[in-house]
Amino acid sequence: MSSSVSRVRATLIGLTAVLMWSTLGLFGAASGNVPPFLLNALCFGISGIAATVWLALRPGGLAAFRQPLKVWAFGTAGLFGFHFFYFTAIRNAPPVDANLINYTWPLLIVVFSALLPGERLRVHHIIGTLLGLGGAALLVTKGKGLSLDPAYALGYLAAICSCLFWSSYSVLSRRLGAVPTQAVAGFCLSTSALSVAAHLVLEETVLPANAAEWAAVLGLAAFPVGLAFFAWDIGVKRGDIQVLGAGAYAAPLLSTLLLIAFGFGDFNAVIGLACLMITLGAVIAAKDMFFRRRSAERTVAGAPVGE
């Protein structure tokens, strides 16, 4: 029973990362014209420094940074690699095309999870995740067709790399279960440093123009580019990774609904259908988690006193 509850709790913690990622669009829109790599550097730098200070105030907290070089390489490659290829994709291909290709990462997480010890990929996991992908496709394309142009091959390739980086990072994190989640603070700092280098090579410097834009940057650093990665680490290491993969499709949906709520768009039938598909897909993919928990509760409730 305790193992089952722990798995459910870790899954729910991981899903809070999806909730936080859904604020990316809103905070990003409010952050002004800061170029992507500079915004990445600022957000990861702020979140990494804040987490490091928090660790430094705890006895032995900084011991989490004492990891082998391969762990540092893995964590940094996951965070920076995903963002580097994603930004490259939206610079070199139509954003709609790049985003749709990139949003195959939750599906890949579910598929790749079959390679993990103790995990079984079932039909309802695939069905639920495909429903989520279909809903995300409706949101990204606004219900219109998609036409891939060979002229944007570099952008498409970068989008493929971005989804492969994040799905691989998420699944392989399960094999690094002994690495404490606190080490993510170090990954954030190294990602910020690499983002500074990418900014200096590829972009012109444009800082937030006013207090409201700086507040949006701080919001990004606190949640979608901060706490979210710590919560996701807990989820993929100890939770139901297939449910997390299917549930990740809620991020573009919730992001769209937030933008609508704050006046950046209008609700329509396409968004309504996408909402239904993503919600239904997540419920189908999470079937095992719900039924396992109920079964365990019934077992405990019916156990003789003293067991």
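α4 and α10 each supply at least two residues to the lining of the largest cavity, helices being DSSP runs (H or I, at least four residues) numbered from the N terminus. This is a predicted model, in which local features need pLDDT of at least 70 and side-chain atom pairs count only at pLDDT 80 or more, while totals for chains, interfaces and linings use all residues. Residues are numbered from 1 along each chain as its sequence is written, and side-chain values use heavy atoms, with hydrogens and water left out.

On a 1 Å grid over the protein atoms alone, a cavity is a set of points where a 1.4 Å probe fits but cannot get out, a pocket is an open set with protein on both sides within 12 Å along at least five of seven lines, and lining residues have an atom within 4 Å of a point. The largest cavity holds about 60 Å³ of space, and among the residues that line it are Val71, Phe74, Phe187, Asp233 and Lys237.

Val71 and Phe187 also take part in the contact of α4 with α9 (heavy atoms within 4.5 Å). The axes of α4 and α9 (residues 184-202), as lines fitted to C-alpha atoms over the stretch in contact, come within 9 Å and cross at roughly 35°, on a scale from 0 to 180 degrees between N-to-C directions.

The largest pocket has a volume of about 1,400 Å³, a volume being the space filled by probe spheres set on grid points joined across faces, edges and corners. Of its 44 lining residues, the closest to the centre are Leu24, Gly25, Tyr86, Asn99 and Tyr103, and α12 gives the most to this lining, with six residues.
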